Amino acid sequence: MKFGKEYSSQMVPEWQQAYMDYSFLKTLLKEIIRFKHRTNNSAPRGGAKHHQGGEGLNRNMTLHRAFSGLLSASRRQRHSNFHDVEEGVQLTSTTTMTGPILVNTTVDRGVETTFLMAAEEGGEYELVFFRRLDDEFNKVSKFYKEKVEEVLNEAVVLNKQMDALIAFRVKVENPEGWGWDERTVEISRLASDIATSAATISASTPAGAKSMKVRSQAHMEAIQEGGSSSAGKLEDDGEEEGGKENAVKESVNEVKTTRMRAVRPAPLDILDRVSINNTIETPRSTIKGVLQVPKQTELKFSRENLMKVQEKLRHAFIVFYQKLRLLKSYSFLNVLAISKVLKKYDKITSRDATKHYMKVVDSSYLGSSDEVVRLMERVEATFVKHFANANRTKGMNILRPKAKKERHILTFSTGFSAGCVFSLIVALVAIIRTRNILEGDGQKQYMNTMFPLYSLFGFIVLHIIMYAANIYYWRRYKVNYSFIFGFKQGTELGYRQVLLVGFTIGVFALLCVLANLDMEADPKTKGYQTLTELLPLFLLIAMFVVLVLPFNFFYRSSRFFFLSCVFRCLAAPLYKVTLPDFFLADQFTSQVQALRSVEFYICYYGWGDFRHRKNTCNSSVYNTFLFIVAILPYVSRLLQCLRRLFEEKNPEQGYNGVKYFLTIVAVCVRTAYSFHKGDIAWRAVAVISSAAAAIFSTYWDFVHDWGLLNRTSKNRWLREKLLIPQKKVYFIAMILNVLLRFAWIQTVLDFNFSFMHKQTMVTLVASLEIIRRGIWSFFRLENEHLNNVGKYRAFKSVPLPFNYDEDEDKDD
């Protein structure tokens, strides 16, 4: 794989704009190549011999090769100064140039390169290249420094949390406190262990690597293994090179005499300034918040609370460590990209700029800062000791989960199940046509009873296929869907796995259809076989059982994530609304017909005569539930909007709620019209309400959910940033969204086709809505991803278990 593809594939999607623009720099290099080709083609043969005074291109390149590197020794002796030239080209008394660039360091620690050969023919192209390279490097360095400052500040906060956790743990395990003898023994043991480890590290570390900046020392020592903020000062800053025995003696003496306080456990008086940060949202806490009941923040020293606190802090450390890993990767990738593009420049121009420029890069904050690496080591030590029971293998497996490997069996299974679905569909069509089943006497009875039962599985499989297609294109266009949805790292499903689930359901559903494709009843009993009539019910029950099974198989993490989102959708106003919750609720709004099919299952098998395929689901109670089931997803979504309006005070959520209210009215009116066919008044009301809801919803899709129809954008009528390079895709998607959203017209205007049964038309309209929802989902998540990119938001905020009183005073 070429470096450019590898470079883009390893980028943090939300930080993409902060990376060096490697592709654009390569474009500038191609401009230099094209100019050289034009120059070489237009120059006469032997043209270098006719140029005098060193003006020929070939002669300049030869001189550069002959004199390159002569002044490397003098450059090594030069002391770098904040305002002086750190690296570049020396001019001797005879003004012979040994390099093409002069690299200066600006006051704000940026880099400014002077190209010394701009007077040459084509030098303006190289000058543009170095100016852009400087801009990219300064951008990267500034971003990296800001992010390092953020993680250092977070390290201080996490250190305070660890102090409180250790004190809390001591209080739980020893409610009456430690005796003096126990405290002395513990302090001596900790002092001995830390002294030995510090001495070993000091003896094996070169003297040049032991110096640190005074500014960053307090931050880097923030997280340490012992749980005290001063325990990190154990390193000997002024230690000189010497033998290992002297290093051990000095470390032991220093720890025993002057650093004894550093290894003490966290003092219990910390708990006097700490309160519990209760961030768990429950229906009870929501009701208390509405009633303005004060929260209980007092510390209760119990094992249960200790486990909760440890779990919160454990999760915070995992997320913090992932930030550090991404920062380390960010630094490495950008330095490597600068080196790669400079080597390409040297190869094209036959100059020697890489050595000079990279020496400045290596000495810059981006290339020389070790705060992230040192902080990673301390986080690892802390996590292994306090959250992995001192088992380093277990702790590192949690901090650095292994990437999932695509198994060949998965690809084979997906393809095999897809082939089975296709074969079964062909077999089904062949059987129907050869036997003329649709022309039988029981055809209408079958379509009114069995077809709605099996159509449920068709809706589910179609929605799963659309979701798999979205995953494929999200990955292709680098939409970080796993972060947006909040999937646990390593548990998100790929499109092959999702397709396997969908095709597996499709195979079993089609097998049931083939087994139950009887149009004629038994002439003696006037009934059908009980076992085959119960097949759709058995399949539905089996799907539900697999969905709720607690055993660790068949993607348990994804199943439980789905069930938890469904539960929060049903209890919409009582839980804090997150993106997965309202995204799933929006998906359910496109599955109204599937929900009505579930209602039909309950009625048909509970109160109907399924042995004789008699549909008794025409009662007033059943019709009432048709209204309730149809509006249930929209009511859930409306309540979510009201909850967000109450919490965020954002008027857009109120307007969004109006959209769902109009849709509820339209669905109710259309359902009522289905019971009053031919009534002009009901038809008029249904058309008006449905048109109003559809127009409002279409506008909301384009402007708010997709972020399109921006007239001032550089991409007219779209948005500033687009992930899909073909703009026509967005216009096609908008047209399809309008056409598919107005598919309800069929239900109001009563379009009848002689070759199509009523249930077939209902199923077709419902399928078109599912397809529309799949298209909507891709662009909705693309817009959300671009919002995260604009804010460089690669991580979600993690609630911490403790609140410090001084932090609250500072906020006030």
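Author: One term to begin with: buried means under 20% relative accessible area. Also, this is a predicted model.
Reader: OK. How many residues are in the protein, and what share is buried?
Author: The protein has 812 residues, and 43% of them are buried.
Reader: How many helices and strands?
Author: There are 31 helices and five strands.
Reader: And what about contacts between residues 24 or more positions apart?
Author: Take the contacts with a separation of 6 or more. Residues 24 or more positions apart account for 75% of those.
Reader: Let's look at helices. At what angle do H11 and H14 pack?
Author: About 155°, with the axes 10 Å apart. H11 covers residues 303–349, and H14 covers 371–387.
Reader: So are they parallel or antiparallel?
Author: Over 145 degrees counts as roughly antiparallel, so H11 is roughly antiparallel to H14. The crossing is left-handed.
Reader: Which residues meet there?
Author: Quite a list. From H11 it includes Leu313, Phe317, Phe320 and Tyr321. From H14 it includes Val372, Met376, Val379 and Phe383.
Reader: How many of the residues in that contact are nonpolar, polar or charged?
Author: The contact of H11 with H14 has 14 nonpolar, two polar and four charged residues.
Reader: New topic. Where does H17 bend?
Author: At Phe451, by about 45°. Pro452, a proline, follows within four residues. H17 runs over residues 443–476.
Reader: How does H17 sit against H21?
Author: Their axes come within 10 Å and cross at roughly 30°. Angles under 35 degrees count as roughly parallel, so H17 is roughly parallel to H21. This crossing is left-handed.
Reader: Which residues of H17 and H21 meet?
Author: On H17, they are Met450, Leu453, Tyr454, Leu456, Phe457 and Ile460. On H21, they are Leu535, Pro536, Leu539, Leu540 and Met543.
Reader: How many are nonpolar, polar or charged?
Author: The contact of H17 with H21 has 11 nonpolar residues, no polar ones and no charged ones.
Reader: What happens just after H17?
Author: Lys478 takes a positive phi of about 60°.
Reader: Why point that out?
Author: Because most residues other than glycine have a negative phi.
Reader: Where does Ala390 sit, and what is its phi?
Author: Ala390 has a positive phi of about 65° although it is not a glycine. It sits in the loop between helix H14 and helix H15 (392–399).
Reader: Is Ala390 buried or exposed?
Author: Ala390 is exposed, with a relative accessible area of 59%.
Reader: And what about Tyr792?
Author: Tyr792 is not a glycine either, and has a positive phi of about 50°. Tyr792 is in the loop between helix H30 (758–790) and strand E5 (802–804). With a relative accessible area of 30%, Tyr792 is partly exposed.
Reader: Last one. Where is Cys603, and is it buried or exposed?
Author: Cys603 lies in helix H24, residues 592–606. Its relative accessible area is 10%, so Cys603 is buried.
Reader: What is Cys603 in contact with?
Author: Leaving aside neighbours within four places in sequence, Cys603 is in contact with Gly608, Cys617 and Tyr622.
Reader: How far apart are the C-alpha atoms of Cys603 and Tyr622?
Author: They are separated by 7.7 Å, and the two residues are 19 residues apart along the chain.

Terms used: Residues numbered from 1 in each chain as written. Predicted model: local features only at pLDDT ≥ 70, side-chain atom pairs only at ≥ 80, totals over all residues. Heavy atoms only, no water. Helix = DSSP H or I, 4+ residues; strand = E, 2+ residues; numbered from the N terminus. Buried < 20%, exposed > 50% of the residue type's maximum accessible area, 1.4 Å probe, protein only. Axes fitted to C-alpha atoms, helices over the stretch in contact; angles between N-to-C directions. Parallel < 35°, antiparallel > 145°, perpendicular 65-115°, else oblique. Left-handed = near helix turned anticlockwise from the far one by under 90°. Contact = heavy atoms within 4.5 Å. Nonpolar A, V, L, I, M, F, W, Y, C, P; charged D, E, K, R; others polar. Bend = angle between axes of the 7 residues up to and from the residue.
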